[in-house]
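Welcome! Take a moment to turn the model around on your screen, and then read on for a guided tour.

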Amino acid sequence: LSGDIPTDDERIFKPSEIPGTLLNMGLLNLGSHSDNTRMEAYNLLTILFAAFQFNAGISLLEADGISIPENSSRVAIQLSEELSRNEPQLTWDFLGECLRGMNMVGAVNAQHCLGYMSPWLRNLSASDPRSAAMMTSLVSAMMSQSELRGAWVENVWKRIVDVDELLTLVVDAFVAQAVDKQ
């Protein structure tokens with residue numbers, strides 16, 4: 001994935017990527033400092049859940065004129081937890097979009113993104129050849145965000161070590177990163 005993520009100027013969306021891209025956009029903007037942005041992010045999620053028939057175990061209702069709390073990270077993580085269980089087919093596009101988006105936002109929003117991205121990591125499998133590329137992308141992203149290494153450990157690596165079959169891929173990705181840095 002790290003070499004496969006095109007720049008915004010050259011990116012062409014496939015129809016299958018749209019739900020993951022919009023889902024990331026909605027969850028990311030739930031962490032905004034702007035009341036209007038949080039409300040519109042929530043409304044985007046409401047529309048996405050209806051249009052793509054996402055199952056998160058709860059119903060989202062359009063929020064016209066109400067305030068979405070500024071600390072909405074817990075809401076984003078809960079929605080993400082349920083979606084990662086019920087809509088695992090979104091995993092690759094969603095994780096790729098999270099990594100792409102983290103390069104464009106500040107540390108606070110990147111940390112928010114790590115929190116809601118975390119539940120999706122359980123859907124990775126060593127038997128899927130895309131997992132090795134994902135580990136490489138995760139390691140590269142972490143190395144480029146040194147100020148967030150603690151958040152990476154807490155939200156990503158602690159989640160991944162729960163999936164024994166991924167440990168070899170993680171070690172390989174870290175070794176490859178270390179060799180590339182020399």
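Cys 98 is buried, with a relative accessible area of 0%. Here, buried means under 20% relative accessible area, exposed means over 50%, and partly exposed is in between, using a 1.4 Å probe and protein chains only. Cys 113 also counts as buried, because its relative accessibility is 2%. A word about the source: this is a predicted model, in which local features need pLDDT of at least 70 and side-chain atom pairs count only at pLDDT 80 or more, while totals for chains, interfaces and linings use all residues. Residues are numbered from 1 along each chain as its sequence is written, and side-chain values use heavy atoms, with hydrogens and water left out.

How many disulfides does a search of the whole structure find? The search finds zero. In general, a disulfide is a covalent bond between the sulfur atoms of two cysteines. The cut-off used for a disulfide is a pair of cysteine sulfur atoms within 2.5 Å. For Cys 98, the nearest cysteine sulfur is that of Cys 113, 4.0 Å away, and Cys 98 is in no disulfide. Cys 113 is in no disulfide either, its nearest cysteine sulfur being that of Cys 98.

Now step back to the whole protein. Its secondary structure comes to eight helices and zero strands, so from the N terminus on the elements run α-α-α-α-α-α-α-α, where helices (H or I, at least four residues) and strands (E, at least two) are DSSP runs, numbered from the N terminus. The protein has 182 residues, and 46% of them count as buried. Among contacts with a separation of 6 or more, 72% are between residues 24 or more positions apart, a contact being heavy atoms within 4.5 Å.

Next come the helix pairs. Two packed helices are described by the angle between their axes and the distance between the axes. The axes are lines fitted to C-alpha atoms, for helices over the stretch in contact, and angles run from 0 to 180 degrees between N-to-C directions.

| Helix pair | Axes come within | Crossing angle |
|---|---|---|
| H1 (residues 18-29) and H4 (residues 91-102) | 8 Å | roughly 50° |
| H6 (residues 130-144) and H7 (residues 149-160) | 10 Å | roughly 165° |
| H6 and H8 (residues 167-181) | 9 Å | roughly 50° |

To put words to these angles, under 35 degrees counts as roughly parallel, over 145 as roughly antiparallel, 65 to 115 as roughly perpendicular and the rest as oblique. A crossing is left-handed if the near helix is turned anticlockwise from the far one by less than a right angle, and right-handed if clockwise. For residue classes, Ala, Val, Leu, Ile, Met, Phe, Trp, Tyr, Cys and Pro count as nonpolar, Asp, Glu, Lys and Arg as charged, and the others, Gly among them, as polar.

The crossing of H1 and H4 is right-handed. Gly 20, Thr 21, Leu 23, Asn 24 and Leu 27 of H1 meet Phe 94, Glu 97 and Cys 98 of H4. By class, this contact has four nonpolar, three polar and one charged residues.

H6 and H7 are roughly antiparallel to each other, and their crossing is left-handed. Residues of H6 including Met 135, Leu 138 and Val 139 meet residues of H7 including Arg 149, Trp 152 and Val 156. The contact divides into 10 nonpolar, no polar and one charged residues.

H6 and H8 are oblique to each other, and H6 passes H8 in a right-handed crossing. Among the residues that make the contact are Ser 131 and Ala 132 of H6 and Leu 169 and Phe 174 of H8. By class, the contact of H6 with H8 has nine nonpolar, four polar and no charged residues.

Stay with H6 for one of its residues, Ala 141. Is Ala 141 buried or exposed? At 9% relative accessibility, Ala 141 counts as buried. Leaving aside neighbours within four places in sequence, Ala 141 is in contact with Leu 99 and Trp 152. Ala 141 and Arg 100 are 41 residues apart in sequence, and 9.1 Å apart in space, C-alpha to C-alpha.

Finally, visit the loop between H2 and H3, where Gln 53 is found. Gln 53 is exposed, with a relative accessible area of 66%. Its phi is near 55°, a positive value in a residue other than glycine. Most residues other than glycine have a negative phi. Asp 64 lies in the loop between helix H2 (35-51) and helix H3 (73-86), and counts as exposed at 69% relative accessibility.
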